[in-house]
Amino acid sequence: MRIRLNAPEVVKKLRGEINELAAQGDQALTKNASLAKLRYLQACIDESLRLFTVVSTRLQRMTPPQGLQTGSRWVPGDTTVIASSWILYRGKQQPISKLIDEPEAELDTLSTKDPRCFVRPDEFIPERWTTEPELVLDASVYAPFSVGRTSCAGKQLALMEVRRTVALILHRYDFALAPEQRIEAFEPGLEDHFTLNPPEFKLKCEEFCWAGFGGQGLCVESSVLV
Ligand code: HEM
């Protein structure tokens, strides 16, 4: 929804793909096998996860019993180390000194918001995952579900639910900012509750009415604030 408010052309394209599937029958939008084939929908999800790190912090690991040298810092063995993925993934040449108050230590970390990894990194461009792969320079920094032995056990379930939710909402509703709501309030209002919680955000929703149009047309049936 945050993206819809800034990128109406993306939503138009996405809604087109979703509505085409919906036209195949009542149950089409609830079948994961069908939803998983929607390339643009998947690209929009991938691009959203690139820009907004859902699990924003407290990914923890334990150092090996013999300890670990990381850059200029020695961490003793069997120590729990926690990194903020929000900061790591969003930093542009992130000086780690800001984080640990050690002015001489600088770490130039690549991230999902780094122009060395993604062309126009701050922009929401789903096409980089489909027709414009040249906009991805180094995808190795992109791991919203993490990697390795403790990577997300629920990845496929999560993607299934997100695909279905987005498809059902976009097929049924259109939305815009409520008159008193400012888009600039979104990002500063995000809160870390282990997962990233969005702020209360007032939208004006309009419900499409498909009945009687044979799936071909639409009308605005109602208008509510959420
Ligand atoms: C968009 C939604 C989701 C995202 C972005 C996400 C991301 C993550 C991340 C980054 C981790 C940490 C991995 C690590 O420490 O390296 C994780 C762990 C985990 N996630 Fe998810 N997750 C999502 C949804 C879900 C759902 C729906 C479930 C289950 C129904 C789930 C179950 C788990 C479990 C069990 C772990 C711990 C794995 C372990 O430590 O072995 N996740 N997830």
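Visitor: Which residues of α2 are buried?
Guide: This is a predicted model, and α2 runs through residues 8-22. Along α2, the buried residues are Leu14, Ile18 and Ala22.

Visitor: Why are these buried residues on the same side of α2?
Guide: Leu14, Ile18 and Ala22 are the buried residues of α2. They lie on the same side of α2 because, around the axis, they cover an arc of only 85 degrees.

Visitor: Which residues are exposed on the other side of α2?
Guide: The buried residues of α2 pack against α4 and α7. On the other side of α2, the exposed residues are Glu9, Lys12, Gly16 and Glu20.

Visitor: How far does α2 reach from its first C-alpha to its last?
Guide: α2 has 15 residues. At 1.5 Å a residue, 21 Å is expected, and the model comes close to that with 20 Å.

Visitor: How many residues make up the largest nonpolar core?
Guide: Nonpolar side chains tend to be buried together in soluble globular proteins. In this chain, the largest nonpolar core includes Leu14, Ile18 and Ala22, along with Leu29, Trp129 and Leu170. α2, α4 (39-51) and α7 (155-172) each supply at least two residues of this core. In all, the core has twelve residues.

Visitor: What does leucine 29 touch, not counting residues up to four places away in sequence?
Guide: Leucine 29 belongs to the largest nonpolar core. Not counting residues up to four places away in sequence, leucine 29 touches Leu21, Ala22, Ala167, Leu168 and His171.

Visitor: Is proline 121 buried or exposed?
Guide: Proline 121 lies in the loop between α6 (97-100) and α7. A residue is buried if 20 or more other C-beta atoms lie within 10 Å of its own. Proline 121 has 20 C-beta neighbours inside 10 Å, so proline 121 counts as buried.

Visitor: How far apart in space are proline 121 and arginine 50?
Guide: Leaving aside neighbours within four places in sequence, proline 121 is in contact with Lys113, Asp114 and Pro115. Proline 121 and arginine 50 are 71 residues apart in sequence. In space, C-alpha to C-alpha, the two are apart by 9.3 Å.

Visitor: How many charged residues does the shell around the ligand have?
Guide: There are 13 residues around the ligand, and Ser146, Cys152, Ala153, Gly154 and Ala158 come nearest. By class, the shell has nine nonpolar and four polar residues.

Definitions and conventions:
Residues numbered from 1 in each chain as written. Predicted model: local features only at pLDDT ≥ 70, side-chain atom pairs only at ≥ 80, totals over all residues. Near = placed C-beta within 6 Å. Nonpolar A, V, L, I, M, F, W, Y, C, P; charged D, E, K, R; others polar. Core = buried A, V, L, I, M, F, W, Y, C linked by C-beta atoms within 7 Å. Helix = DSSP H or I, 4+ residues; strand = E, 2+ residues; numbered from the N terminus. Contact = placed C-beta atoms within 7 Å. Expected span 1.5 Å × (residues − 1). Arc of directions from axis to C-beta.
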